[in-house]
Amino acid sequence: MLRIIGSCLLDFIPTIPLLVIGWLAFPLDNLFAYHPFFVSIAMLGLMPYGVRILDRHVCWLPVRSRTQMIKWHWIVQCIASVLLILGGVAIYVNKSRSGRSHFATWHGLCGLLTVVYVVMQLLAGFALHWRIWPIRLLTYNQASLYHVYSGLGVLILSTLTKLLGLQSIWVANKLRGLLPQGYEYVVIVLSVMVCCSILRIAFQIRRFDFRRLFSGTRK
């Protein structure tokens, strides 16, 4: 029972920063507000849960076949990728209109790398799903597992981007307006919650067999 409770907490705790950032972004009365809103839904909501769908041991999801898991995985990740790109476009256009330089902070650079990484991972997922993997040096089995571990890299990079985003002036000003004193502690708590999704995905991926990476057997 404790294991089930702990698993559910690790799954749902990252939803709290998503709700907080979404609340801070409302009423979406300017272009910039769409950036944290869309990006948070993608990074803190859809992307982690899109990976969790593939885990048969998730107690809060109904029993489903492998085909159903893979189908919902790529659907959710496609939606997440679209929202992530929209969030990136929103901040890019907003900075262009205000005459500010692009990718001038670590948050901006990590965000750019995250978008590029996500697009590459998405294309690799399409190639694997429709069996059009072009690299002959890898078997389909090996390529699939590299896709899994590369996905963990995407989540780690996106988590780093969100952690840097929580240190932004926008978040500080929003929280300072609500909590003139002690808002820094809220940022720390939110940062810890953001990291919970990576911890849960790491536990999930840990069950995969690394030896299959070097297997020459095709599925």
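Helix 3 passes helix 8 in a left-handed crossing, a crossing being left-handed if the near helix is turned anticlockwise from the far one by less than a right angle, and right-handed if clockwise. The contact is made by L44, P48, V51 and R52 on the side of helix 3 and by V194, S197, R200, I201 and Q204 on the side of helix 8, where contact means heavy atoms within 4.5 Å. By class, this contact has five nonpolar, two polar and two charged residues; Ala, Val, Leu, Ile, Met, Phe, Trp, Tyr, Cys and Pro count as nonpolar, Asp, Glu, Lys and Arg as charged, and the others, Gly among them, as polar. The axes of helix 3 (residues 34–52) and helix 8 (residues 183–205) come within 10 Å and cross at roughly 15°, the axes being lines fitted to C-alpha atoms, for helices over the stretch in contact, with angles that run from 0 to 180 degrees between N-to-C directions. Helix 3 and helix 8 are therefore roughly parallel to each other, given that angles under 35 degrees count as roughly parallel, over 145 as roughly antiparallel, 65 to 115 as roughly perpendicular and the rest as oblique.

The model is predicted, and local features need pLDDT of at least 70, side-chain atom pairs count only at pLDDT 80 or more, and totals for chains, interfaces and linings use all residues. Residues are numbered from 1 along each chain as its sequence is written, and side-chain values use heavy atoms, with hydrogens and water left out.

The protein has eight helices and zero strands, helices (H or I, at least four residues) and strands (E, at least two) being DSSP runs numbered from the N terminus. Buried residues make up 44% of its 219 residues, where buried means under 20% relative accessible area, exposed over 50% and partly exposed in between (1.4 Å probe, protein chains only). Among contacts between residues at least 6 apart in sequence, 73% join residues at least 24 apart.

The structure holds nine aromatic pairs, for which rings of Phe, Tyr and Trp (its six-membered ring) pair if their centres lie within 6.5 Å, with planes under 30 degrees apart counted as stacked, over 60 as edge-to-face and the rest as tilted. In one of these, the ring centres of F12 and Y49 are 6.4 Å apart and the planes lie at 45°, so the pair is tilted. This pair links distant parts of the chain, with F12 in helix 1 (residues 2–12) and Y49 in helix 3, 37 residues apart; F12 is partly exposed, at a relative accessible area of 38%. F26 and F37 form an edge-to-face pair, 5.5 Å centre to centre with 90° between the planes. Here F26 lies in the loop between helix 2 (15–25) and helix 3, whereas F37 belongs to helix 3. F26 is partly exposed, with a relative accessible area of 46%, while F37, at 18% relative accessibility, counts as buried. F26, Y34, F37 and F38 form one aromatic cluster.

The buried residues of helix 7 (residues 169–178) are W170, V171, A172 and L175, and what covers them includes helix 2, helix 3, helix 6 (140–166) and helix 8. In helix 6 lies S158, which is buried at a relative accessible area of 2% and touches M43, M47 and T114, not counting residues up to four places away in sequence.
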